[in-house]
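Please keep the viewer open while reading.

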Amino acid sequence: MATSSRKSAGTRRYPRFHLDVDWFVKSNGGCSTLGRGIELSVRGALLPVTCTSPFTEHVTLYLSLPLRQKMLEARCSASNHGHRGWVLHFEEISPEDLQLLGHTLVTEFGVAALPNLERRAEQSLELI
């Protein structure tokens, strides 16, 4: 019998971690908001904005990450999750920005920020 590696619908493959960074979101419809502090993974973000703003389905997220002068830019799909905030799923992000985001998350939170790295480290230790 084959086993599935799929997680249940309520869990994410990549956990989000809180970073104390400045962010700015611009909607294709002209609405925008900004703030400080955001939950991030390499797949998306959770904006701590609980209003029912007129965001369109597609937005652009700009992040000011440590050790970088230029802001990270990601084109995202956005969905309102009520009291939890706005969930953004990255649709377009440059390879350099994605690498910087991954590096920032691993530096701040360890390999748990990228589960594939954590599993590879565990597998490597099993071989020793």
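This is a predicted model: local features need pLDDT of at least 70, side-chain atom pairs count only at pLDDT 80 or more; totals for chains, interfaces and linings use all residues.

The numbered points below go from the overall fold to single residues.

1. The chain has two helices and six strands. Along the sequence, their order is β-β-β-β-β-β-α-α.

2. **The barrel.** Six strands form a closed barrel in the order E1-E2-E3-E6-E5-E4, and their pairing is antiparallel. On average, neighbouring strands of this sheet are turned by 45° against each other, direction ignored. Helix H1, residues 95–109, packs on the sheet. H1 touches E1, E2 (32–40), E5 (72–80) and E6 (86–93). The direction of H1 makes about 150° with that of E1. As background, strands of a sheet pair through backbone hydrogen bonds, in either a parallel or an antiparallel sense.

3. **E1 with E2.** These two strands are antiparallel and share eight bridges. Trp23 faces Gly35 in E2. Four residues lie between the strands of this hairpin, and Gly30 there has a positive phi near 100°.

4. **E2 with E3.** Two bridges join this antiparallel pair. Glu39 is opposite Leu46 in E3. The hairpin from E2 to E3 passes through three residues.

5. **E1 with E4.** E1 covers residues 17–27 and E4 covers residues 58–64. The two run antiparallel, with six bridges between them. Val25 has Leu61 as its bridge partner in E4. Ser27 stands opposite Val59 in E4.

6. **E4 with E5.** E4 also pairs with E5, again antiparallel and over six bridges. His58 is opposite Ser77 in E5. Is E4 mostly covered or mostly open? Five of its seven residues are buried, so the strand is mostly covered, with buried meaning under 20% relative accessible area.

7. **The core.** The largest nonpolar core holds 28 residues. Ile38, Leu40, Leu47, Leu61 and Leu63 touch the most other members. Which elements give two or more residues to this core? They are E1, E2, E3 (44–47), E4, E5, E6 and H1. E1 supplies the largest share, at five residues. In soluble globular proteins, nonpolar side chains tend to be buried together.

8. Leaving aside neighbours within four places in sequence, Leu40 contacts Pro15, Arg16, Phe17, Leu19 and Ala45, among others.

9. **Arg75.** This residue lies in strand E5. Is Arg75 buried, exposed or partly exposed? Its relative accessible area is 38%, so it counts as partly exposed. Beyond residues up to four places away in sequence, Arg75 touches Val59, Thr60, His89, Phe90, Glu91 and Glu92. The Arg75 side chain also makes a polar contact with the side chain of Glu73, at 2.7 Å.

10. **Asn28.** Asn28 sits in the loop between E1 and E2. Its relative accessibility is 59%, so Asn28 counts as exposed. Which residues does Asn28 contact, neighbours within four places in sequence aside? They are Thr56 and His58. The C-alpha atoms of Asn28 and Glu57 are separated by 8.3 Å, although the two are 29 residues apart along the chain.

11. **Ala112.** Ala112 belongs to the loop between H1 and H2 (115–127). It is partly exposed, because its relative accessible area is 31%. Its C-alpha atom is 8.2 Å from that of Pro15, and the two are 97 residues apart along the chain.

12. **Whole-chain figures.** Of the 128 residues, 37% count as buried. Consider the contacts in the chain with a separation of 6 or more: residues 24 or more positions apart account for 53% of them. The accessible surface comes to about 8300 Å². Carbon and sulfur atoms make up 53% of that surface.

Note on methods
Residues are numbered from 1 along each chain as its sequence is written. Side-chain values use heavy atoms; hydrogens and water are left out. Two strands pair if DSSP finds at least two bridges between them. Axes are lines fitted to C-alpha atoms, for helices over the stretch in contact, and angles run from 0 to 180 degrees between N-to-C directions. Contact means heavy atoms within 4.5 Å. A nonpolar core is a set of buried Ala, Val, Leu, Ile, Met, Phe, Trp, Tyr and Cys residues joined through side-chain atoms within 4.5 Å. Buried means under 20% relative accessible area, exposed over 50%, partly exposed in between (1.4 Å probe, protein chains only). Accessible areas come from the Shrake-Rupley method with a 1.4 Å probe; for residues, only the protein chains shown count as cover. A polar contact is a pair of N or O atoms within 3.5 Å; within protein, one must be able to donate a hydrogen and the other to accept it, and residues adjacent in sequence count only if both atoms are side-chain atoms.
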